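Reader: I have a model open and want to learn how to read it. Where do I begin?

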Amino acid sequence: MSKENQKPTHRDVVPSVINFLSDELFEGDYKEQPLYLQEIFELLMHTEFGDDINLRQKILSCLRTSRNLAETLSPFSEKQIQKACVSNRKLSE
């Protein structure tokens with residue numbers, strides 16, 4: 001059976017997260033993402049669209065997730081995270 005047709009298992013979660021983090025490291029400074037989201041949210045609040053409670057809840061959820069990720073990874077240097085992602089990515093392939 002090809003890999004595409006197999007159902008994911010709980011063991012597939014960690015490699016997927018590692019791949020996500022690996023990809024994110026090359027997209028910019030993830031540690032700054034909460035600040036970027038907060039700035040966007042504050043600007044959006046001053047518009048007609050910003051008055052939507054559902055949108056505000058979604059934005060706050062994204063901001064919370066982004067902050068949690070940044071806090072979780074904050075003790076580690078960019079090099080440490082990149083090294084861990086690269087070595088673990090090789091293991092998952």
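Author: We go from the overall fold to one helix, and then to single residues. Keep in mind that this model is predicted.

Reader: How many helices and strands does the protein have?

Author: Four helices and zero strands. Along the sequence the pattern reads α-α-α-α.

Reader: What share of the 93 residues is buried?

Author: Buried residues make up 16% of them. Buried here means under 20% relative accessible area. The protein exposes about 7,700 Å². Carbon and sulfur atoms supply 57% of that area.

Reader: How do I read contacts along the sequence? What percentage join residues at least 24 apart?

Author: Take the contacts between residues at least 6 apart in sequence; 78% of them join residues at least 24 apart. One pair shows how sequence and space can be set side by side. Tyr-36 and Leu-63 are 27 residues apart along the chain, and their C-alpha atoms are separated by 9.2 Å. Tyr-36 lies in helix H2, residues 33-45. With a relative accessible area of 41%, Tyr-36 is partly exposed.

Reader: Now a single helix. What span does H3 reach, and what is expected?

Author: H3 covers residues 53-73, which is 21 residues. From its first C-alpha to its last it reaches 30 Å, close to the 30 Å expected at 1.5 Å a residue.

Reader: Which residues of H3 are buried?

Author: Start with the general idea. An α-helix has 3.6 residues a turn, so residues three or four places apart point the same way. Now the case here. The buried residues of H3 are Ile-59, Leu-63, Ser-66, Ala-70 and Leu-73. They cover an arc of only 100° around the axis, so they sit on the same side of H3.

Reader: And which residues are exposed on the other side of H3?

Author: Ile-53, Thr-65, Glu-71 and Thr-72.

Reader: Let me pick Ser-66. Is it buried or exposed?

Author: Ser-66 is buried, because its relative accessible area is 14% and the cut-off is under 20%.

Reader: What does Ser-66 touch, leaving out residues up to four places away in sequence?

Author: Ser-66 touches Gln-33, Pro-34 and Leu-37.

Reader: Last, the surface. Which residues form a nonpolar patch there?

Author: Val-13, Val-14 and Val-17 form it, with about 250 Å² of accessible area together. Take Val-17, which has its place in helix H1, residues 13-25.

Reader: Why does Val-17 count as partly exposed?

Author: Its relative accessibility is 43%. Partly exposed covers the range between the buried limit of 20% and the exposed limit of 50%, so Val-17 falls there.

Notes
Residues are numbered from 1 along each chain as its sequence is written. This is a predicted model: local features need pLDDT of at least 70, side-chain atom pairs count only at pLDDT 80 or more; totals for chains, interfaces and linings use all residues. Side-chain values use heavy atoms; hydrogens and water are left out. Patches are made of residues with over 30% relative accessible area and no salt bridge: like charges are joined within 9 Å, nonpolar side chains (Val, Leu, Ile, Met, Phe, Trp, Tyr) within 5 Å. Accessible areas come from the Shrake-Rupley method with a 1.4 Å probe; for residues, only the protein chains shown count as cover. A salt bridge is a side-chain nitrogen of Lys or Arg within 4 Å of a carboxyl oxygen of Asp or Glu. Helices (H or I, at least four residues) and strands (E, at least two) are DSSP runs, numbered from the N terminus. Buried means under 20% relative accessible area, exposed over 50%, partly exposed in between (1.4 Å probe, protein chains only). Contact means heavy atoms within 4.5 Å. The expected span of a helix is 1.5 Å times one less than its number of residues. The arc is that of the directions from the helix axis to the C-beta atoms.
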